[in-house]
Amino acid sequence: MSEFEPKIVAFVCNWCTYAGADLTGTSRIKYASNVKIVRFPCTGRIDFMLLLKAFAEGADGIIVSGCHPNDCHYTSGNFHARRRWVIFRGLLNFMGIDVNRIQFSWVSAAEGAKWADVVNGTVTAVRELGPYTQYRKAADYLAQQDQSIIDGQEAMIIK
Ligand code: FES
C-alpha cells in the first residue's frame with residue numbers, strides 16, 4: 001500500500017516567505033512537493049476563514065508564513081496576523097479541529113533552507129495525523145442543508 005501523501009496549502013506573504021520559497025528553488029534545495037502556495041501581499045491580509053475553506057476543499061494541513069516580527073513591509077501586518085492566529089486557535093479547539101494540522105511560522109526572503117524545513121516538517125507531522133476528512137464531510141453536509149433550505153424557500157415563493 002502506498003504511503004499517504006498529505007495535501008498542504010501554504011498562505012504566505014509576497015515579500016518574505018514567497019521570496020524565501022523562490023530562493024529554495026533557485027538554491028536547488030529539495031523539499032516535499034505536497035505544498036500549494038497561495039500568495040498574499042502580507043499575512044495581515046489573510047482572512048483566517050480561508051483556512052477553513054482550504055480544509056473544506058480537501059487540504060490535510062496548512063502553513064501560514066510571513067515576515068519576521070518587525071520586518072513586515074506594512075509595518076504591523078504580521079502582528080495582526082499573529083493576534084488573529086491566537087484567537088483562531090481557540091475557535092479551532094472549540095470546533096474540534098486539531099491545531100497541529102496548521103503550522104504558523106516566519107520565513108524571510110533569505111531563508112530558503114528554513115522554508116524547506118517548514119514544509120518538510122509540516123508534511124511529516126500531517127502524514128502522521130493521517131487524512132483529514134471530517135471537516136470536509138461536515139462542510140458538505142452544511143452545504144446540502146443550505147441548498148435544501150434555499151430549495152424550500154424557492155418552492156414557497158413559486159406557490
Ligand atoms: Fe510579509 Fe507583512 S509583508 S508579513
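Strand 3 (61-66), helix 3 (77-95) and strand 4 (102-106) of this predicted model make a right-handed β-α-β unit. Helices (H or I, at least four residues) and strands (E, at least two) are DSSP runs, numbered from the N terminus. A crossover is right-handed if, with the strands pointing away from the viewer, the path from the first strand over the helix to the second runs clockwise. Within the unit, strand 3 and strand 4 run parallel and are joined by five bridges; two strands pair if DSSP finds at least two bridges between them.

Residues are numbered from 1 along each chain as its sequence is written, and side-chain values use heavy atoms, with hydrogens and water left out. As the model is predicted, local features need pLDDT of at least 70 and side-chain atom pairs count only at pLDDT 80 or more, while totals for chains, interfaces and linings use all residues.

Stepping back to the whole fold, the protein chain has five helices and four strands, which follow one another from the N terminus as β-α-β-α-β-α-β-α-α. The C-alpha trace spans about 65 × 45 × 25 Å along its principal axes. Of the 159 residues, 39% count as buried. Among contacts (heavy atoms within 4.5 Å) with a separation of 6 or more, 82% come from residues 24 or more positions apart.

The four strands form an open sheet in the order 2-1-3-4, with parallel pairing. Strand 2 (35-40) and strand 4 are the edge strands, each pairing on one side only. On average, neighbouring strands of the sheet are turned by 20° against each other, direction ignored; axes are lines fitted to C-alpha atoms, for helices over the stretch in contact, and angles run from 0 to 180 degrees between N-to-C directions. Strand 1 (8-13) is joined to strand 2 by six bridges, the two running parallel, and Cys13 stands opposite Phe40 in strand 2. The path from strand 1 to strand 2 goes through helix 1, and this β-α-β crossover is right-handed. Helix 1 (residues 17-26) lies across strand 1, strand 2 and strand 3, and runs at about 120° to strand 1. Strand 1 also pairs with strand 3 in the parallel sense, over five bridges, and there Phe11 stands opposite Val64 in strand 3.

Phe11 leads on to the packing of side chains. The largest nonpolar core has 24 residues, and Phe11, Leu51, Phe55, Ile62, Phe88, Leu92 and Ile102 have the most contacts inside it. A nonpolar core is a set of buried Ala, Val, Leu, Ile, Met, Phe, Trp, Tyr and Cys residues joined through side-chain atoms within 4.5 Å. Strand 1, helix 2, strand 3, helix 3 and strand 4 each give two or more residues to this core, and the largest share, five residues, comes from helix 2. Leaving aside neighbours within four places in sequence, Leu51 is in contact with Phe11, Ile46, Ile62, Val64, Phe88 and Ile102. Apart from this core lies another, of 13 residues, among them Val12, Trp115, Val123 and Val126.

Asp60 sits in the loop between helix 2 (49-56) and strand 3 and has a relative accessible area of 3%. The side chain of Asp60 reaches the backbone nitrogen of Tyr132 at 2.9 Å. Beyond its neighbours within four places in sequence, Asp60 is in contact with residues including Phe4, Phe55, Arg101, Val126 and Arg136. Gly61, in strand 3, is buried at 0% relative accessibility. With neighbours within four places in sequence left aside, Gly61 is in contact with Lys7, Ile8, Val9, Phe55, Arg101 and Val126. Gly61 and Asp146 are 85 residues apart in sequence, and their C-alpha atoms are 26 Å apart in space. Thr122 lies in helix 4 (residues 112-129) and is buried, with a relative accessible area of 4%. Not counting residues up to four places away in sequence, Thr122 touches Ile8, Ile62, Ile63 and Gln103.

How values were computed
Buried < 20%, exposed > 50% of the residue type's maximum accessible area, 1.4 Å probe, protein only. Polar contact = N/O pair within 3.5 Å; in protein donor to acceptor, adjacent residues only side chain to side chain.
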